[in-house]
Amino acid sequence: MRFGLFGTGHWAAETHGAALDAHPRAALAGVWGRDPEKAAALAQRYDVPAFGDADALIEACDAVAVALPPGVQVEVAVRAATAGRHLLLDKPLALTVADADRVVDAAQGSGVASVIFFTGRYQPEISGFLASTAAAGGWHTAKAVRFGSIFQPGNPYGASPWRRQHGALWDIGPHALSLILPVLGRVTRVAAMDGPSGLVHLLLTHDGGATSTVSLTLDAPQEAVSREFVFYGENGIETVPEGEGDAVTAFGVAIGQLLEEIESGTRDHRCDVRFGREVVAVLAAAETARAESRTVDVPA
């Protein structure tokens, strides 16, 4: 399967590009980026062509792997899906529900397969835990804590303009939701409150009445960097395990699952663009809740 790589940043080079280059059933068709010099350097690293025109790379590939800011990803994804190219996208799918709907409509209209890369969902320890925990049922609530610290010297993501503008809610919020939603179900209502150092706290109500809390920041003190996901209910307390392996390995799993979707003709992947749109709807509602200091309903 010929993949076009869209993006030239650290994540594109060290995760998307590395995994595609290593995968036995994938081939890099070329690289496109908003900075032609960076695109040329990354293309040289993987010994593939650099494309100056995004549509030309879409034409030259069977599927696109996109590691670009969400607003840019939307435009590439819509053009690629409309051209019949399969989609391997990153989180968040978009920054607005309207843009997420554009991607969903394009993918469904052309019948292409789609997978969104929420890292933990492609780590066997985590995906297996979520499946068994969801099957057990009886969960009343969950607590998610993701405290990152990306603004330290040398961090490859600290200078990212979109992360600085939109913060933890949109950068690591999708990861938290990707673990909570499979167990507790769709979010119906959101309340939100900000704290110091970029903290944002969410209180979520889910279908069936379960609730969850999510606390996020990208600017935690080094000593406070932490990750915790816990479910509480009739079966006791269950903690989501740490995923083993690195992001490249997980992305390789995502590539394989997209190939399975393509070959089988099914379009029901648990992390497809429709799930990506569901996550965006929650994040957008949370953004409104923060701005207006009120609880916001999440439309189906």
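Trainee: Let's start with Thr 188: is it buried or exposed?

Mentor: Thr 188 is buried, with a relative accessible area of 17%; buried means under 20% relative accessible area, exposed over 50%, and partly exposed in between, using a 1.4 Å probe and protein chains only. Do keep in mind that this is a predicted model, where local features need pLDDT of at least 70, side-chain atom pairs count only at pLDDT 80 or more, and totals for chains, interfaces and linings use all residues. Residues are numbered from 1 along each chain as its sequence is written, and side-chain values use heavy atoms, leaving out hydrogens and water.

Trainee: Where does Thr 188 sit, and which residues does Thr 188 touch?

Mentor: Thr 188 belongs to strand β8 (residues 187–194). Helices (H or I, at least four residues) and strands (E, at least two) are DSSP runs, numbered from the N terminus. Leaving aside residues up to four places away in sequence, Thr 188 touches Thr 205, His 206, Asp 207, Val 296, Asp 297 and Val 298; contact means heavy atoms within 4.5 Å.

Trainee: How should I read the sheet, and in what order do its six strands come?

Mentor: Strands of a sheet pair through backbone hydrogen bonds, either parallel or antiparallel. Here the open sheet has the order β3-β2-β1-β4-β5-β6, with parallel pairing; two strands pair if DSSP finds at least two bridges between them. Its edge strands, each pairing on one side only, are β3 (50–51) and β6 (114–117). Take β4 (residues 63–66) and β5 (residues 86–90), which pair over three bridges: Ala 63 stands opposite His 86, and Val 64 opposite Leu 87.

Trainee: Which way do the residues of β5 point?

Mentor: In a regular strand the side chains alternate between the two faces of the sheet. From β5, His 86, Leu 88 and Asp 90 point one way, while Leu 87 and Leu 89 point the other way. Five of the five residues of β5 are buried, so the strand is largely enclosed by the rest of the structure.

Trainee: And helix packing: at what angle do α8 and α10 pack?

Mentor: Two packed helices are described by the angle between their axes and the distance between the axes. Helix α8 (residues 173–184) packs on α10 (residues 273–292) at about 115 degrees, with axes 10 Å apart. Axes are lines fitted to C-alpha atoms, for helices over the stretch in contact, and angles run from 0 to 180 degrees between N-to-C directions. α8 is therefore roughly perpendicular to α10, a term covering 65 to 115 degrees, with under 35 roughly parallel, over 145 roughly antiparallel and the rest oblique.
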